[in-house]
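Subject: A structure to look at

Hello,

Here is the structure for you to open. Have a look at it first, then read my notes below.

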Amino acid sequence: FVGKKQAVNFGKDVVNTGLEFEQGMTNVSAISGATGSELEALREKAKEMGATTKFSALEASDAMSYMAMAGWNSSQMIDGISGIMNLAAASGTAFGLKASDSADFADILATACAKSNTNVAMLGEAFKNVAPTAGAMGYNVRDTTVALGLMANAGIKGGAAGTSLNGVLTRLAKPTKEVNAAMSALGLSAVNADGSMKPLSQFIPELQAKFSTLTAAQKGQYATMIAGKNAMSGFLSIVNSSPSDFQALTDAINNSEGAAQSMADTMNDTVSGKL
């Protein structure tokens, strides 16, 4: 009897989960306007996320709903969903994010795309490469997005940006003698007195101030010492950005709440959008 009851309950759970997933994809369709082959591609992508990440296909469909609210089309959602889910899965604990926080992340990404020279797919790829390291080191998602936005403005985007920033953060976390020598010569420290990493919102302006006093040759020398040859260009794109650009992007991202909904409202404020 117990075995039959467990089997029946399991069957109900499977059916209910399936119904919830279909309702979730219906919501995605209603918000994004995707139908037919586009909706089927989104459905398969959500199932893929359920199979390859710690989250369920249902949670992936919920994340897609938030992305659709930001005005992303089907192609952008398919390209960007792995970045969102990878960020939540790889470093959710450190970043304080989980799949249900996709609304906040959608706001951050929507603002970053509007205020810097990048797009959803590229940011998703960048986060996939840097999220685990950034999260483990205690950097928050907003500061990390600012750094990636500054790099994008200098033409370093997507996976290359994530790999480059990951290289910089890794060397700061476990500094070599070369890194320590450069930081000491510049009078800089990436670490607080208690041993925690300084927030990027504090450390980047300190770097910019120091590097603004250097010659081009000195900048190249110290950037190589701190970031390594492979990540030097990404590092320089951050420190060479103007303090005003850094502050403007930081302010926009820190005040990004509601950005996705605002963009969606703007895009939907047409006859076809309202229909």
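Start with Leu 236. At 17% relative accessibility, Leu 236 counts as buried. Here buried means under 20% relative accessible area, exposed means over 50%, and partly exposed is in between (1.4 Å probe, protein chains only). Leu 236 sits in helix 12. Helices (H or I, at least four residues) and strands (E, at least two) are DSSP runs, numbered from the N terminus. Leaving aside neighbours within four places in sequence, Leu 236 is in contact with Phe 211, Lys 219 and Ala 223. Contact means heavy atoms within 4.5 Å. The C-alpha atoms of Leu 236 and Ala 154 are separated by 9.3 Å, and these residues are 82 residues apart along the chain.

Before going on, two notes on the source. This is a predicted model, where local features need pLDDT of at least 70, side-chain atom pairs count only at pLDDT 80 or more, and totals for chains, interfaces and linings use all residues. Residues are numbered from 1 along each chain as its sequence is written, and side-chain values use heavy atoms, with hydrogens and water left out.

Now the whole protein. It has 15 helices and zero strands. Of its 275 residues, 45% count as buried. Take the contacts with a separation of 6 or more: residues 24 or more positions apart account for 67% of them.

Next, helix 10 (residues 200-211). Its 12 residues should span 16 Å at 1.5 Å a residue, and its end C-alpha atoms are 16 Å apart, which agrees. The expected span is 1.5 Å times one less than the number of residues. Leu 200, Phe 203, Ile 204, Leu 207, Gln 208 and Phe 211 are buried in helix 10. Seen down the axis, these buried residues fall within an arc of 135°, so they line one face of helix 10. The arc is that of the directions from the helix axis to the C-beta atoms. An α-helix has 3.6 residues a turn, so residues three or four places apart point the same way. What do the buried residues of helix 10 pack against? Their partners include helix 7 (141-153), helix 12 (232-239) and helix 13 (243-254).

Last, find Ser 61 in helix 3 (residues 57-69). At 0% relative accessibility, Ser 61 counts as buried.

Best wishes
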